[in-house]
Amino acid sequence: LFLSGEERWRAVLARVVEMIALARPVLVGTRSVAASETLGAMLAAAGIRYALLNARQDADEARIIAEAGEPGRVTVATNMAGRGTDIMLHPDARSAGGLHVILTEYHESRRIDRQLFGRAARQGDPGSCESLVSLDDDLFQSHARFMAHRLRGYNGKVLPRFVGILIRTLAQRSAERVHARVRRRTLENERKSDRSLAFSGRGE
């Protein structure tokens, strides 16, 4: 957990360079198209070739996924892109350690985070994953703003691991409670609407 988004992106870039040197393929997950393009610009500036997998490349999605398991291949993807298709590892990539997945921003649902991490080490393949996130991220600013503000006084660039786990847990639980309330209200409104229509004789 980094204090700023800039530090997070620099760390992501450094990790990508490290994985390329090991001939391991890398899948970097971003929460938005804008974030994927921000990272893409950084990779391009560093002279790193990459494939961008987001809502704007639907026609190329199958090809990008097919190549994502090549040694040293870098793929940047939004959370919804390429789901349901396994990334097949090249034998050399498998022997180098397999696919490495980097999550750059937690989602409001833990399930989506797990889906991204689950792209690595499929069907007995080797692989690894990690999260490199920032206090600037939407999840923390929307659902743990007070704690995020207090943590900005920390003397360093990277917060202790247990702090990252704590704020993530609190923020995601808060987000899930909010979404549960919205779903309950929606269901209650639908039931009221159904009763009103039935009472007026227009239920069919």
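This is a predicted model: local features need pLDDT of at least 70, side-chain atom pairs count only at pLDDT 80 or more; totals for chains, interfaces and linings use all residues.
I took rings of Phe, Tyr and Trp (its six-membered ring) as paired if their centres lie within 6.5 Å, with planes under 30 degrees apart stacked, over 60 edge-to-face and the rest tilted. I number residues from 1 along each chain as its sequence is written, and side-chain values use heavy atoms, with hydrogens and water left out.

Aromatic pairs. By the ring rule I count one aromatic pair. I looked up relative accessible area (buried under 20%, exposed over 50%, partly exposed in between; 1.4 Å probe, protein chains only), and found tyrosine 106 buried at 9% and phenylalanine 140 buried at 1%.

Arginine 24. I located arginine 24 in the loop between α1 (5–21) and β1 (26–30), where helices (H or I, at least four residues) and strands (E, at least two) are DSSP runs numbered from the N terminus. I noted that arginine 24 is buried yet has no salt bridge (a side-chain nitrogen of Lys or Arg within 4 Å of a carboxyl oxygen of Asp or Glu). The nearest side chain of opposite charge, glutamate 18, is 7.5 Å away, with Lys and Arg counted as positive, Asp and Glu as negative, and His and the chain ends not counted. Its side chain does reach the backbone oxygen of glycine 97 at 3.2 Å.

How values were computed:
A polar contact is a pair of N or O atoms within 3.5 Å; within protein, one must be able to donate a hydrogen and the other to accept it, and residues adjacent in sequence count only if both atoms are side-chain atoms.
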